[in-house]
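Me: I would like to go through this model with you. Could we take it one topic at a time?

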Amino acid sequence: MREFLQKHGSEVENMLFTEWNMEDALRVTREEGREEGLEEGMEKGILALADFLSPEKIAQKLGVSLEKVQSVLHNGNKTAQV
């Protein structure tokens, strides 16, 4: 075993670190995906509520800033016109 590790030690070490980094990268990717999904859902909700409520009421009901609502409405209108 000693001979193998002396000959291939750095390769074994790299494989161990790669596996750990891969797990960490996958966890981070999942977290980012959830955050993106929540953001997309929030934006769709804001656009759907815009047919019935004022921007101020949307912000109040969803617990987000008025600036966030206005930004989504502004960007959503641009997207719908394209």
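Me: Which side chains meet in a salt bridge at 3.9 Å, N to O?
Reply: Those of K68 and E43 meet in this salt bridge, at 3.9 Å from N to O. The term stands for a side-chain nitrogen of Lys or Arg within 4 Å of a carboxyl oxygen of Asp or Glu. The pair links distant parts of the chain, since K68 is in helix α3 and E43 in helix α1, 25 residues apart. Helices are DSSP runs of H or I with at least four residues, strands are runs of E with at least two, and both are numbered from the N terminus.

Me: Before we go on, what sort of model is it, and what are the ground rules?
Reply: This is a predicted model, in which local features need pLDDT of at least 70 and side-chain atom pairs count only at pLDDT 80 or more, while totals for chains, interfaces and linings use all residues. Residues are numbered from 1 along each chain as its sequence is written, and side-chain values use heavy atoms, with hydrogens and water left out.

Me: What is the mean pLDDT of the protein chain?
Reply: The mean is 87, and 90% of the residues reach 70 or more. pLDDT is the predictor's confidence in each residue, on a scale from 0 to 100.

Me: How many salt bridges does the count come to?
Reply: By this rule the count comes to five. One of them joins R27 and D24, with the closest N and O atoms 2.4 Å apart.

Me: Where do R27 and D24 sit relative to one another?
Reply: R27 and D24 are three residues apart in helix α1, so about one helical turn separates them. R27 is partly exposed at 37% relative accessibility, and D24 is partly exposed at 26%.

Me: Changing topic: which residues make up the largest nonpolar core?
Reply: It has six residues: I46, I58, A59, V69, V72 and L73. The elements giving two or more residues to this core are α2 (55-62) and α3, and the largest share, three residues, comes from α3. A nonpolar core is a set of buried Ala, Val, Leu, Ile, Met, Phe, Trp, Tyr and Cys residues joined through side-chain atoms within 4.5 Å.

Me: What does V69 touch?
Reply: Not counting residues up to four places away in sequence, V69 touches I46, P55, I58, A59 and V64. Contact means heavy atoms within 4.5 Å.

Me: Now the surface. Which residues form a nonpolar patch there?
Reply: M1, F4 and L5 form the patch, with about 370 Å² of accessible area together. Patches are made of residues with over 30% relative accessible area and no salt bridge; like charges are joined within 9 Å, and nonpolar side chains (Val, Leu, Ile, Met, Phe, Trp, Tyr) within 5 Å. Accessible areas come from the Shrake-Rupley method with a 1.4 Å probe, and for residues only the protein chains shown count as cover.

Me: Where is M1 placed, and what is its relative accessible area?
Reply: M1 is in the segment before α1 (2-49), and M1 is exposed, with a relative accessible area of 79%.

Me: What is V12 in contact with?
Reply: Leaving aside neighbours within four places in sequence, V12 is in contact with F4 and L5. V12 lies in helix α1, and its C-alpha atom is separated by 49 Å from that of V64, 52 residues apart along the chain.

Note on methods: Buried < 20%, exposed > 50% of the residue type's maximum accessible area, 1.4 Å probe, protein only.
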